[in-house]
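Reader: I have a structure open and would like to learn how to read it feature by feature. Could you walk me through it?

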Amino acid sequence: MSLEDLRKKVDEIDSKIVRLIVERVRIAEEVGREKRKAGKQIEDVARERKVLKNVRHIAQEDNLNYEAIENIYRQIVRVSKSVQGIIVAFQGERGAYGEEAAFNFFGTSVQVKPCENLDDVFKAVEKEEVQFGVVPIENSLEGSVSQAYDLLLDSSLKVCGEVELRVVHCLIASPGTRLDLIKRVYSHPQALGQCQAFLKHLGCELIPTYNTAGSVKMIKEKGITDGAAIASARAAEIYGMEIISREIEDNPNNFTRFFILAKQDSPPSGNDKTSIVFSVRHKPGSLHEFLKELASKNINLTKIESRPTRQRPWEYNFYLDFEGHHEDKAPQEVLEHLRNSSIFVKVLGSYPKAK
C-alpha cells in the first residue's frame with residue numbers, strides 16, 4: 001500500500017473518530033438533562049473513574065500506551081462534562097485571568113460565574129451553586145496568594161486540578177484614545193506592579209482596583225477617554241475596547257498557577273500531584289524528619305512554604321506539594337507517618353499535573 005493510500009485510510013479513520021466523539025458529546029448532553037430533571041449532581045467522580053479504568057483496560061489489552069490513551073480520553077470526558085451544564089466560578093469580571101484559566105481547563109463551552117472575591121468562589125462551590133471554582137494560588141513573579149491558602153485551610157473543598165496560565169498584560173482604552181493623552185492607568189495592584197517599566201515610561205497616575213477586567217469594564221461604563229486599564233486581550237474583546245499596547249509586562253516569564261476546586265478531588269491518573277497542609281511539633285528536627293521520609297520513599301517535593309497559624313504568634317503551618325496521588329502506596333505511607341508525628345495534617349487534594 002502506498003503512502004498516499006495509507007494517508008487516505010488515516011483520514012477516513014479520523015473522520016469516524018470525530019463523528020463518534022460528536023455522538024458521545026450529544027449523548028452526554030442528554031445525560032446532563034436527565035440529571036437536572038432528577039435533581040442529581042452533574043459531577044460523578046465514581047462514574048468518571050469507571051470510564052477511565054475501562055479505557056485503560058482496553059488500551060492495555062491492545063498493547064497500547066494506556067497513559068497516553070487515558071490523557072486523550074480525559075479531554076473527551078472534559079468536553080462531555082462541559083455540555084452537561086457544568087458551571088465554574090472565578091474571581092473578577094468577565095475577561096479576568098481566572099475566567100481564561102477556567103476556559104483553558106474545561107474548554108470554552110463551559111458556563112462561568114463571576115464572583116466579587118475569592119471567598120465568594122469558595123462559597124459558590126460549597127453551596128453547590130456551581131460544580132467547580134478556579135482560584136489563583138501563586139504567581140511566578142509575585143509568589144503565593146495568601147488569601148487562597150487561608151481559605152483552603154478552613155474549607156472542606158478539595159483541589160481536583162491545576163492549570164498554569166501565561167499572563168500577558170495589555171494596555172486597554174476606549175476606541176480612539178491616544179497613548180499620549182492617557183493620564184491614569186487602572187488595574188489590580190499585582191498587574192500594576194508587573195508592568196513597572198512600561199508605566200514609568202508612560203508617567204501616568206496609577207490607580208489600584210480589585211480586578212484587571214473590572215478596570216476595563218469601569219472605563220467602558222464611565223466613558224473615560226483619558227484613562228486606560230491593564231488587563232487581558234480577552235477583556236478588551238468582551239467590552240469592545242481597544243488595545244493600545246500588548247505584552248507590557250516587565251518579565252515574559254509571568255505565569256499564574258490556578259487550583260480547580262470541587263467537592264471531591266480527582267482519581268489517580270498516573271501523573272499526579274498532592275497538596276497538603278500540616279503543622280509539626282516544636283522540637284528540633286521535626287520538619288527535617290518528614291522531609292527525610294519523603295526522600296526515603298523517592299517522592300519528589302515540588303513546593304513548600306510556611307504560613308502563620310493565626311492562633312499563636314510565631315507558630316506556622318506548612319503548605320506542601322509533592323508528586324504522586326494520596327491513594328498511591330508510597331504517599332499513603334508518608335502521610336500516615338506524618339499523621340503520627342505532627343499536630344495536624346490536612347490533604348487539600350490530589351490532581352493531575354498541569355500540562
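Author: Gladly! Keep in mind that this is a predicted model. Let's begin with a cysteine: the sulfur of Cys204 lies 13 Å from the closest cysteine sulfur, which belongs to Cys195.

Reader: Let's turn to strands. How should I read a sheet?

Author: The general idea is that strands of a sheet pair through backbone hydrogen bonds, either parallel or antiparallel. Here, five strands make up an open sheet, in the order β8-β7-β9-β6-β10, with mixed pairing.

Reader: Which strands are at the edges?

Author: The edge strands are β8, residues 205-208, and β10, residues 242-246; each of them pairs on one side only. Neighbouring strands of this sheet are turned by 30° against each other on average, with direction ignored.

Reader: How many bridges join β7 to β9?

Author: Three bridges join β7 (residues 184-187) to β9 (residues 227-231), and the two strands run parallel. To find the pairing on screen, look for Val185, which stands opposite Ala228 in β9.

Reader: What does helix α9 lie across?

Author: Helix α9, residues 212-222, lies across β6 (170-173), β7 and β9. The helix runs at about 155° to β9.

Reader: Is strand β11 mostly buried or exposed?

Author: Seven of the eight residues of β11 (residues 255-262) are buried, so this strand is largely enclosed by the rest of the structure. Strand β3 (residues 132-139) pairs with β11 in the antiparallel sense over six bridges, and the bridge partner of Val134 in β11 is Ile260. Strand β5 (residues 158-166) is also antiparallel to β11, joined by eight bridges. In that pairing, Glu164 stands opposite Arg257 in β11.

Reader: What about charged side chains?

Author: Side chains of opposite charge can pair when their charged atoms come close. The count of salt bridges in this model comes to 20. One of them joins Lys217 to Glu93, with the closest N and O atoms 3.3 Å apart. This pair links distant parts of the chain: Lys217 is in helix α9, while Glu93 is in the loop between β1 (87-91) and α4 (97-106), 124 residues apart. Lys217 is partly exposed, with a relative accessible area of 26%.

Reader: Are Arg307 and Asp150 buried or exposed?

Author: Both Arg307 and Asp150 are buried. Their side chains meet in a salt bridge at 2.8 Å, N to O.

Author: Lys353 is in the segment after β15 (342-352) and Glu323 is in strand β14 (residues 316-323), 30 residues apart. Lys353 counts as partly exposed at 24% relative accessibility, and Glu323 is partly exposed too, with a relative accessible area of 29%.

Reader: Which residues are linked in a network of salt bridges?

Author: The network links Glu138, Glu162, Arg257, Lys273, Lys303, Glu305 and Asp321.

Reader: One last topic: backbone angles. What should I look for?

Author: Most residues other than glycine have a negative phi. Asn63 has a positive phi of about 60° although it is not a glycine. Asn63 is found in the loop between α2 (45-61) and α3 (66-82), and it is exposed, with a relative accessible area of 73%.

Reader: And what is the phi of Asn298?

Author: Asn298 has a positive phi of about 60°, and it is not a glycine. Its place is in the loop between α11 (286-296) and β13 (301-308). With a relative accessible area of 74%, Asn298 is exposed.

Key:
Residues numbered from 1 in each chain as written. Predicted model: local features only at pLDDT ≥ 70, side-chain atom pairs only at ≥ 80, totals over all residues. Heavy atoms only, no water. Pairing = 2+ DSSP bridges. Helix = DSSP H or I, 4+ residues; strand = E, 2+ residues; numbered from the N terminus. Axes fitted to C-alpha atoms, helices over the stretch in contact; angles between N-to-C directions. Contact = heavy atoms within 4.5 Å. Buried < 20%, exposed > 50% of the residue type's maximum accessible area, 1.4 Å probe, protein only. Salt bridge = Lys/Arg side-chain N within 4 Å of Asp/Glu carboxyl O. Disulfide = S-S within 2.5 Å.
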